Amino acid sequence: MASGQQWVLVEMVQAFYEAPAYHLILEGILILWIIRLLFSKTYKLQERSDLTEKEKEELIEEWQPEPLVPPVSKDHPSLNYDVVTGPPSHKIIVNGKECINFASFNFLGLLDNERVKLKALSSLKKYGVGTCGPRGFYGTFDVHLELEERLARFMRTEEAIIYSYGFATIASAIPAYSKRGDIIFVDEAACFSIQKGLQASRSFVKYFKHNDMEDLERLLKEQEIEDQRNPRKAKVIRRFIVVEGLYINTADLCPLPELVKLKYRYKVRLFLEESMSFGVLGEHGRGVTEHFGVNMDDIDLISANMENALASIGGFCCGRSFVIDHQRLSGQGYCFSASLPPMLASAAIEALDIMEEDPGIFRVLQDKCKHVHEALQGTPGLKVVGEPLAPALHLQLENSTGSRTNDLKLLRAIVNYSLERHIALTLARYLDKEERFLPLPSIRVVVTVEQTQEEIEKAAQCIREAAVKILK
Amino acid sequence: MTESAGNKNEDCHAANGVKPGKNGMVKNHHHHHQYQKQEKVYHAACNGELYSRPFIESFEETPMLVAVLTYMGYGILTIFGYLRDFMREWKIEKCHIAREREEQKDFVPLYQDFENFYTRNLYMRIRDSWNRPICSVPGATFDLVERSSNDYNWTFEYTGRVVKDVINLGSYNYLGFAENTGACATAAGEVTVKFGVGVASTRQEMGNLDRHEELEKLVASFLGVESAMAFGMGFATNSMNIPALAGKGCLILSDELNHASLVLGARLSGSTIRVFKHNNMQSLEKLLRDAIVHGQPRTHRPWKKILILVEGIYSMEGSIIRLPEVIALKKKYKAYLYLDEAHSIGALGPNGGGVVEYFGLDPKDVDVMMGTFTKSFGAAGGYIGGRKDLIDYLRTHSHSAIYATSMSLPVVEQIITSMKCIMGKDGTTIGRSRIQRLAENTVYFRRRLREMGFIIYGNNDSPVVPMMLYMPAKIGAFGREMLKRNIGVVVVGFPATPIIESRARFCISAAHTKEMLDRALDVISEVGDLLQLKYSRHKVIPSLDRPFDETTYEENEE
């Protein structure tokens, strides 16, 4: 065998010598061609249909973009805002008519409190208005540090962090922790700024039915099974539950004790948005945790804005330092935005002072809330949506006309009727196309401590009349 | 768009050395007439005829040795970081990091280990250069709350003392309207007493005051546009309105150095985002052409619309957008232009009208004029100006108008008063002279720094003046040495800048007097010698008779 093979080799070499030159050249070229084909890049589809410059110019010439914005009809219901002249406080002048305010979230009436105003004024005289910089670059004022410390103390947490815009608070906080690949369990009724935070986080979002703990548990269980299937992945996926303390869209409370139980059972972190309940619920106004007697440390993060009960501007997050401190470098709305004007921080500090000095104010507010809730019952054609404790209720139509536009028109007619009779109400406004679960059209009724017994009766009476007249 | 003849246009100062640097940024060589070396100057994207004024922008290349040393610096820091982490792990070194609660130890960790490596081992060493609390007006000078740390910056203690009269080179107080006296403060004070500070409702519900509407009319007339709308936060103006303008099937072309708010807004919109090189018109044009020719990926459907996002002045680079060229491109390719004037409004242009006025352009050519009130107006918030149909659409569709509390009224008053002052509507020339003063201060400060041999980035007319430090150790050292000498500066490093391009940033204000600037410059020079920061190899000889443009300082002030 061995000699046979040798013979073949010798023959091959001989054949090589004997072959004509043109043959060798041809074969050489063919071999090179094969090598080229082997090593050349696989061609792209685009290259194959390469367009000539002229064709490109034609395409560019032909392309017609859509207009930047679609036209808005002149009589769009939300194009013509109601105009307020004078201070937006208890007595408010809307479209030239003096009314009693049942529309602004000024729950504790601190908006036109003299002490708050004077504190803001003296702060203005010391610091001016603007901060001219973000917190990192000389935009941190001593009053910011004071306010953060005061808020932390008020809420009985380790640390608080303030934002210069209420809307940006939870919307920045969520993406600071939850990243791509993480999972967030959210109540369907969550407000718009939570929705924006979810979107910015690019995490998986799982919605559970509003306040339905069974549905939440079902989702958590599903995830648990998923985790068992893939334990390595499960070790790095962070999970969060995001809920509101008192839902702005439905005016009801979250079942916090059950949520805390689920949190520990399934090892999920719990974020709580308290813009509606901070300074409202609980004996000292600490919100829904105090209301339910839940330990503050069981909640990983609480956020609220300072634009409702505190009647200033901005928002804050509070919790353990381990959690909150992370936002100082990762909260986008904190790092990249100018800080809160110091006079607004001072106003918030004074408002906190007032809340701490007189906790009786929360009792008064809670009584008023119950009173309004009761007074509005039995309005023909309208149903009251919300807890008796909620300071911002919704009035919805009992029988919808079947079209959202017509429903809104009817409700707007009731608002107008009331405005004529010196009761300032407003429709709850939503971005119809952007809301994940669009709430039903409603009139917002806001309770404040400044509303007297008579005023509440008068407002309820007025709404009743309007309903009878307009809804027939 | 290319123009080959270099000196066809006599006043074509827009020398644009299109030479991609190591980090992908375009480095533009600064030059003057007497130093002009033909072989170094490329006029490829000159478009000189589009500019009504000289456009001088420079980004001197990082010296090779400095780059090498900087990388070594980071290398050493990283090695020591691992070493200290190891020691913390074994409890040899005390660990100051806040810990997870015992009850939640078995949860999935909230932070990945490596996530905070940089914060723990690099940022923490020089943390004292940031978040310095102040306790006065952030004007030309300010008072700092003194703090000290006994545990290498893990915690701070306030000593109770105040560092008085520190020269402020950090705040964005371009026109000096951060004041606690004068017309603005008085007006804001009156409003505070009458209206209070809060509004407690949204624009669409019960928070639309006549003062808000007045402000919007004033902003529209200031910008020279049909209509305008104001918002409570500058950051949110971008992040909450871009989603209203673009959506699925739209393309957003964004400058690589755009602010986080623009990036977030673009991301929230759900559009496709493509990034072009900083202020590089060839890169933008290529993206525009490709986008229109190829359409959407895979389906090749034509894009619904293309939106270009740019800023007027880039706050970390000190560069000014090449707006005339952007507008020419936008018109040629039928794209829409969103211009963020956060730093340029008030600070550029003979009447403070921003980058559009600076180049003598028509505001109608910019589809969306966005800006903030935080900087030049000494207030807070942002605005969007443009055609009436745009603003009407935003009034009905902006997230802010529907879900966010309206602007605080004292803040509104501050803006109205300062804006009227800038426009000369208050019957004085204060506004006018401040604008002039800012322009003079800027040119003077930049020229002096360059003469001292520092590497200064950006446009000659930009009041944002980045000065290169490069090495990580010099970030902290510069901040501390300057503060020791009573000057407050901003220093920035990674991730706000490319890793080797750490820098100090000075923001010039109209409130700075000549004496303050001279004092600051002397100190910068002193510290510069101490830390060896005078890197520039393009030594500029101080010359008194060099022709400058109309905003040159008088010779005797030299």
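UniProt positions are given here in the numbering of this structure, with shortened feature names, and annotations may be inferred rather than shown by experiment. This is a predicted model: local features need pLDDT of at least 70, side-chain atom pairs count only at pLDDT 80 or more, and totals for chains, interfaces and linings use all residues. Residues are numbered from 1 along each chain as its sequence is written, and side-chain values use heavy atoms, without hydrogens and water.

An unreviewed UniProt entry places it at residues 64–83 of chain B. That stretch is 100% helix and 0% strand, with its end C-alpha atoms 29 Å apart.

Next come the domains. Chain B is assigned domain 1 (76–128), domain 2 (129–168 + 430–531) and domain 3 (183–423); the bounds come from an automatic or database domain assignment.

Now take domains 1 and 2 of chain B. Their C-alpha centres lie 30 Å apart. Twelve residues of domain 1 are in contact with 17 residues of domain 2 (heavy atoms within 4.5 Å). The two domains bury about 1,300 Å² between them, 57% of it on carbon and sulfur atoms. Buried area is the accessible area (1.4 Å probe) that two parts lose on being put together, summed over both. In domain 1, I126(B), R127(B) and D128(B) lose the most area to domain 2, together 48% of what that side buries.

One salt bridge is counted between these domains (a side-chain nitrogen of Lys or Arg within 4 Å of a carboxyl oxygen of Asp or Glu). R480(B) forms a salt bridge with D128(B), the closest N and O atoms being 2.8 Å apart.

Terms used
Chains lettered and ligands numbered in written order. Helix = DSSP H or I, 4+ residues; strand = E, 2+ residues; numbered from the N terminus.
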